[in-house]
Amino acid sequence: MWNSALDLIPSPAAWALYFFCAMLIGVSKTGIQNVGTFTIPLFALLFGAKFSTGIVLILLCMADLMAVIYYRKEFIWSEVKTMLPYAIIGLIIGLLVGDYIDDKAFKFIMGACIFISVVLMIWGTNKAKNNKQGNDFTNKWWYSPSFGLLVGFSTMIGNAAGPALTIFLLTRKLKKVTLVATGAWFIMILNFSKIPLQLLVWKNLTWEGIILNLLALPFIILGAYIGIKIVKVIPEKEFKIVILALVIISSLMLMFG
């Protein structure tokens with residue numbers, strides 16, 4: 001089993017890439033959200049799109065626990081429960097769709113989910129400015145359900161929920177620490193819900209993958225520490241610009257890389 005796990009990563013360069021991606025996941029959970037999304041196409045390159053979701057899921061769950069412990073007093077539960085029922089529905093839809101498509105289509109849908117999130121944010125922001133309605137459009141009856149479905153679907157298709165969720169929270173005008181904390185709690189609930197689904201339906205959780213996850217744990221911890229330091233010093237405006245830029249880049253990498 002040990003040798004089979006090590007054989008999943010064929011070269012020193014691939015190991016370096018794997019550990020670097022694990023560190024970025026830690027950074028994304030406690031600091032710059034969506035920098036972890038940048039790793040999705042890299043993991044897909046290492047392991048294949050669908051199989052990579054099983055390996056990455058456990059990495060994400062470990063990083064989620066670190067984030068929610070550190071930010072346990074900063075999250076807003078009302079923002080979580082608004083979308084959660086719709087996210088569960090989207091998760092089930094993603095589970096069914098992912099069981100019937102090939103790896104190429106799987107990767108394209110990952111990128112499309114992220115790109116749609118960007119379009120929705122740009123549209124929503126412009127609508128609010130043009131109508132001088134501030135944040136009113138986010139209170140429409142369709143707003144939270146739409147994002148909830150997208151978050152749930154995209155988290156199942158490639159662990160790509162971060163961009164859609166971040167964009168929803170950005171349009172709710174949350175401060176950076178509250179945004180990181182609320183996003184971490186929401187994603188943790190979804191990620192732990194996915195474990196039995198991916199184990200029993202997709203069957204892409206393996207002992208070999210868990211061994212790789214444990215080897216990456218020190219790098220996740222390092223990334224979480226770096227993320228905590230970054231979020232304390234980066235200004236609000238630059239923080240939002242950086243995470244939006246990372247969303248766009250990662251979506252294009254998945255769709256056309």
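Two cavities of 30 Å³ or more are present in the structure, a cavity being a set of points on a 1 Å grid over the protein atoms alone where a 1.4 Å probe fits but cannot get out. This is a predicted model, in which local features need pLDDT of at least 70, side-chain atom pairs count only at pLDDT 80 or more, and totals for chains, interfaces and linings use all residues. Residues are numbered from 1 along each chain as its sequence is written, and side-chain values use heavy atoms, with hydrogens and water left out.

**Largest cavity**
- The largest cavity holds about 280 Å³ of space, a volume being the space filled by probe spheres set on the grid points, which are joined across faces, edges and corners.
- Its lining has 24 residues, of which S28, K29, L60, G162 and I187 are the closest to the centre; lining residues have an atom within 4 Å of a point.
- α2 (12-30), α4, α8 (162-171) and α9 (176-202) each give two or more residues to this lining, and α9 gives the most, with six; helices are DSSP runs (H or I, at least four residues) numbered from the N terminus.

**Second largest cavity**
- The second largest cavity has a volume of about 50 Å³.
- I40, F43, A44, S52, T53, V56, M110, G158 and N159 line the second largest cavity, with at least two residues each from α3 (40-47) and α4.

**Packing of α4 and α10**
- Helix α4 (residues 49-70) packs against helix α10 (residues 207-233) at about 40 degrees, with axes 9 Å apart; axes are lines fitted to C-alpha atoms over the stretch in contact, and angles run from 0 to 180 degrees between N-to-C directions.
- Residues of α4 in the contact (heavy atoms within 4.5 Å) include I55, I58 and Y70, and those of α10 include G209, L212 and K232.

Note on methods:
1 Å grid on protein atoms, 1.4 Å probe; cavity = no way out; pocket = protein on both sides within 12 Å on 5 of 7 lines; lining within 4 Å.
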